[in-house]
Amino acid sequence: MSSNAVYNKTTSMDKRIRVLVAKPGLDGHDRGAKVIARALRDAGMEVIYTGLRQTPEMIVNAALQEDVQVIGVSILSGAHNAIVPRVLDLLREKDMTDVLLIVGGTIPDTDAVRLKQQGVAAVFQPGASLEQVIEFIRSSVKQPA
Amino acid sequence: MSKPLAVQASPSLASTQTLSGLPLEESYGPEHLASAGAERPGEFPYTRGIHRSMYRGKLWTMRQFSGFSTPEETNRRYRYLLSQGQTGLSVAFDLPTLMGYDADHPASLGEVGKCGVPISSLEDMETVFDAIPLGDVSVSMTINSSAPVAWCMYLAAAEKQGVPWARLNGTLQNDILKEYIAQKEYIYPPRPSMRLVTDVLEYATRHVPKYNPVSISGYHIREAGSTAVQELAFTLRDGIEYVEWALARGLDVDDFAPRLSFFFNAHNDFFEEIAKYRAARKIWAHVMRERFGAKDERSLKLRFHSQTAGCSLTWQQPYNNIVRTAIQALAAVLGGTQSLHTNSLDEAYALPSEQAVTIALRTQQIIAHESGVPSVADPLGGSYFVEELTHKIEQAALDYIRRIDDMGGMIPAIECGFPQSEIADASYRYQQEQERGDRVTVGVNRFTEQQEQPLEILQIDESAEQKQVEKLTRLRARRDNACVTEALQTLRTAAAGDANTIPAMLDCVRAYATTGEICEALRDVFGSWQETSVL
């Protein structure tokens, strides 16, 4: 994260949706995260990409500092059941439950259902289109009047 | 009377360019043979294959990449694969092992046994190969930043089986450059990492002569979203870098070059892939002879493993993946591959189930034994189209290689993010074409179905992590810890100096030092690497 991103915080007049794209865990497969980050940016959103190997603590702290409305985590290693609940816990602890958490990656159906029950707003599995992700974020983020 | 069906005219979907964006003509003719050589397979520059009779002499090795859960589970899968007619093994390690962490490290939480098998010590390596004679089976190990550690464990496991190293036959991926470029499983900064690669290469050349110490890999570059040309160019340029480092170490080119091997992707565009393999052999033969002065014919021959494209497999209508994989595998065989992994139909979901991996293996066996394809070497040689495409890909790859030479080689290119940003651009372009419908993926953006058939997938036992942690705790209590500490200190000293680190690392492994401890000792000396992300 560059310091510029922190100093140049957008004002409340800026209606652009702010999204943190994060890669937790040890997995280095960042093709999906990067494609999503670019697509959200091209769709007019303000995107901050964490880079690789972020712990849940680092992700939630970055979300707090960057004042994002959405966190998108990309996991292809099968570690989602250990990582995602921890992110949700931290969001609750820090009173950030208004931040939308979405998950993308190779997440089996049964796990996707469980993650959503635990508080994940959406799970995008392989084959989801960029358009679906963009639409979901646009329709789910509560914009200030 | 029922209402007549609305029948759509068959739309024209043929593309005017290859998957990688190379323009295609409507047809090709004799004028396109100008750049094709008149040589036979087995003759320089080996565009047509490295052997005169190709698969008549020896079929490709059928080698399915596998590893999951625990060393015990993985050993069972290996015995199963060998009993089904597989002819080589290929070890998939889990992420903690690849990143140099033990199963009980905090960073390993949730990752143990998920993407591969956890190997935290020699004990785990012995278990994985229990009852598998290492002198008779060739073993490939896909591991990079912690490759020297895994390799030392493998050598020590062979010692324990009483197999002399001279009989060991196999491949260590040990290709760190493509980690910075694409797969991102790096630990140390590029230069000390290159020194470790060269340590393995030197030690193998002197002590494990039949073993392939580096598998220069384009597979991951392609999976990260590159084009076929980028895959080829970056991989060959990585190869040039390894050769330069080995020469700087004082090795003679013909002493190690015959043991260098390559690993390419087999993607969807059938002819483009075949042309890519042909161009790869041609460029490498010239590079080795002209740039490095290699004289031994074996130094000039590019041998490669191939794997069908994981990123081409779809979540939707997963049984279609069997067909995709068969076409991709056929391209690899027509392109003259030395060994092949065919992906399983369920890989967009999880690691493959036993049923899925069996179908994938059968796909290779059908190509080998029923299609007739392997009977004649390079059957597409002389095709106007394939020869012209081979030429086009060769020229485009050479252009990239020259640009990287001008940057001062692959390390400066990586440091300024050049290959990374080329790949990021290509992968975004690919996804946009898919979204616009310019690129058809059956079942995803055309010919879709409402209801998906549920698939039985492999579930990784969540208790694997606990089992591994308990095993490590027992090991740490049982072993001679003073001996471990001393061996690790000797390794730090070797790493800080100029000596080859492998002898010291072998002593660590024999004392049952763990993967995490050994990589930690090297981190103490080398530091670790953080990339600047290129979006």
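Which residue of β9(B) does His305(B) stand opposite? In this predicted model, for which local features need pLDDT of at least 70, side-chain atom pairs count only at pLDDT 80 or more, and totals for chains, interfaces and linings use all residues, the residue opposite His305(B) is Ser339(B). Residues are numbered from 1 along each chain as its sequence is written, while chains are lettered from A and ligands numbered from 1 in the order in which they are written.

Chain A contains six helices and five strands. Helices (H or I, at least four residues) and strands (E, at least two) are taken as DSSP runs and numbered from the N terminus. The order of elements in chain A, read from the N terminus, is α-β-α-β-α-β-α-β-α-β-α. Of the 145 residues in chain A, 47% are buried; a residue is buried if 20 or more other C-beta atoms lie within 10 Å of its own, exposed if 12 or fewer, and partly exposed in between, with C-beta atoms placed from the backbone. Among contacts in chain A with a separation of 6 or more, 71% are between residues 24 or more positions apart. Two residues are in contact if their C-beta atoms, placed from the backbone, lie within 7 Å.

The strands of chain A form an open sheet of five in the order β2-β1-β3-β4-β5, with parallel pairing. Strands pair if DSSP finds at least two bridges between them. The edges are held by β2 and β5 (122-124) of chain A, each with a single partner strand, so one side of each has no neighbour in the sheet. From one strand to the next the twist averages 20°. Axes are lines fitted to C-alpha atoms, for helices over the stretch in contact, and angles run from 0 to 180 degrees between N-to-C directions.

Strand β1 (residues 18-22) of chain A is largely enclosed by the rest of the structure, because four of its five residues are buried. β1(A) runs parallel to strand β2 (residues 46-49) of chain A and is joined to it by four bridges. Pairing of β1(A) with β3(A) is also in the parallel sense, over four bridges. Val19(A) has Val47(A) as its bridge partner in β2(A) and Val70(A) as its bridge partner in β3(A). Ala22(A) stands opposite Val73(A) in β3(A). Helix α3(A) packs on the sheet, where it touches β1, β2 and β3 of chain A, and its direction makes about 160° with that of β1(A). A right-handed β-α-β unit is made by β1(A), α2(A) and β2(A); a crossover is right-handed if, with the strands pointing away from the viewer, the path from the first strand over the helix to the second runs clockwise.

Helix α4(A) lies across β3 and β4 of chain A and runs at about 170° to β4(A). The 14 residues of α4(A) reach 20 Å from the first C-alpha to the last, close to the 20 Å expected at 1.5 Å a residue, where the expected span is 1.5 Å times one less than the number of residues. Buried residues in α4(A) are His80(A), Ala82(A), Ile83(A), Val84(A), Val87(A) and Leu91(A). Their cover includes α3 (56-66), β3 (70-75), β4 (100-105) and α5 (109-118) of chain A. Just after α4(A), Asp95(A) has a positive phi of about 60°.

Between the chains, 27 residues of chain A are in contact with 30 residues of chain B. On the side of chain A that touches chain B, α2 (31-42), α4 (80-93) and α6 (130-140) of chain A each supply at least two residues, and α2(A) gives the largest share, five residues.

In chain B, strand β8 (residues 304-308) is mostly covered, with five of its five residues buried. Phe304(B), Ser306(B) and Thr308(B) point one way from β8(B), whereas His305(B) and Gln307(B) point the other way. Strand β7 (residues 260-266) of chain B runs parallel to β8(B) and is joined to it by five bridges; Phe263(B) stands opposite His305(B). Three bridges join β8(B) to the parallel strand β9 (residues 339-341) of chain B. The chain passes from β8(B) to β9(B) through helix α12 (residues 320-334) of chain B in a right-handed β-α-β crossover.
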